[in-house]
Amino acid sequence: KKTYCFWGTQTEMKELGLDDSITNAWKNLIVNNKSSESITPLEYAHIPGGSLYKQAQTILNHYDVKIITEPYKISPEKNADKFIFTSETQVLLAQTVFDSRPPQFADPQRNQSHLWQSFIGWKIESTENDFDPSTAILMDFEIDQMSTCQFIYVLPFSQCHALVELTRFSEEIITEAEANILLREYLNKKILIIQPSKLKKE
């Protein structure tokens with residue numbers, strides 16, 4: 001599952017038509033284990049991926065749009081002023097193409113490196129009121145860095161329900177096994193003793 005978080009004012013969120021998709025928004029933040037601070041007039045908002053896709057589909061329903069899910073194996077070819085997509089069953093032509101796939105990077109030179117952002121999160125539930133739903137925790141670096149740059153987010157949806165996410169910036173993408181160890185250690189140290197039955201991978 002995907003989630004999307006972003007900064008904005010209530011006016012901006014309303015102008016973007018995101019009011020119905022936002023499930024939570026935090027006006028107070030704790031950054032790197034410091035004191036809680038207000039970010040008014042900004043808010044840090046959360047949208048579940050499913051809600052965003054549903055809203056996009058609702059918008060598309062007002063236009064003459066055909067959604068094609070058939071995969072193609074190569075990048076589109078350019079012929080004169082048209083792009084050509086070839087699949088197993090059809091050929092498609094387009095004047096404009098927006099490609100949201102990650103670019104293909106050249107191999108780094110000896111004095112260069114590529115940093116990847118990777119992240120794994122858990123949705124957790126507690127029988128106690130362990131969370132402050134008015135305050136999000138961002139960039140808590142109090143975990144083993146493992147020769148990388150990595151930190152924890154805690155986004156509380158209620159007093160007993162939160163998304164806890166590990167984010168890493170490194171040449172190496174974090175594995176699920178590595179993330180699980182760090183998330184469990186963080187929760188046991190900072191928040192609560194967690195039970196496996198209360199976890200939902202995000």
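What follows is a conversation about sheets, salt bridges and surface in this structure.

Modeller: Gladly! This is a predicted model, where local features need pLDDT of at least 70 and side-chain atom pairs count only at pLDDT 80 or more, while totals for chains, interfaces and linings use all residues. Residues are numbered from 1 along each chain as its sequence is written, and side-chain values use heavy atoms, leaving out hydrogens and water.

Colleague: How many bridges join E2 and E5?

Modeller: Three bridges, in the antiparallel sense, with E5 covering residues 42–48. Trp26 stands opposite Tyr44 in E5.

Colleague: What is a salt bridge, and how many does a search of the whole structure find?

Modeller: It is a side-chain nitrogen of Lys or Arg within 4 Å of a carboxyl oxygen of Asp or Glu. The search finds four. In one of them, Glu43 pairs with Lys27, and their closest N and O atoms are 3.8 Å apart. Glu43 sits in strand E5 and Lys27 in the loop between E2 and strand E3 (28–31), 16 residues apart.

Colleague: Is Glu43 buried or exposed?

Modeller: Buried means under 20% relative accessible area, exposed over 50%, and partly exposed in between (1.4 Å probe, protein chains only). Glu43 is buried, at 6%, whereas Lys27 is partly exposed, at 41%.

Colleague: Which residue does Asp140 meet in a salt bridge?

Modeller: Lys190, at 3.4 Å from N to O. Asp140 belongs to strand E10 (residues 135–140) and Lys190 to helix H3 (residues 176–190), 50 residues apart. Asp140 is buried, with a relative accessible area of 2%, and Lys190 is partly exposed, with 28%.

Colleague: What links strand E12 to helix H3?

Modeller: Arg168 and Glu178 meet in a salt bridge of 3.5 Å, N to O. Arg168 lies in strand E12 (residues 161–170) and Glu178 in helix H3, so the pair ties together parts 10 residues apart in sequence. Arg168 is buried at 3%, and Glu178 is partly exposed at 26%. Salt bridges that share partners also join Asp140, Glu142 and Lys190 into one network.

Colleague: And which residues form the nonpolar patch on the surface?

Modeller: Ile59, Leu60, Tyr63, Val65 and Ile67, with about 480 Å² of accessible area together. Patches are made of residues with over 30% relative accessible area and no salt bridge, joining like charges within 9 Å and nonpolar side chains (Val, Leu, Ile, Met, Phe, Trp, Tyr) within 5 Å. Accessible areas come from the Shrake-Rupley method with a 1.4 Å probe, and for residues only the protein chains shown count as cover. Ile59 lies in helix H2 (residues 49–60) and is partly exposed, at 45%.

Key: Helices (H or I, at least four residues) and strands (E, at least two) are DSSP runs, numbered from the N terminus. Two strands pair if DSSP finds at least two bridges between them.
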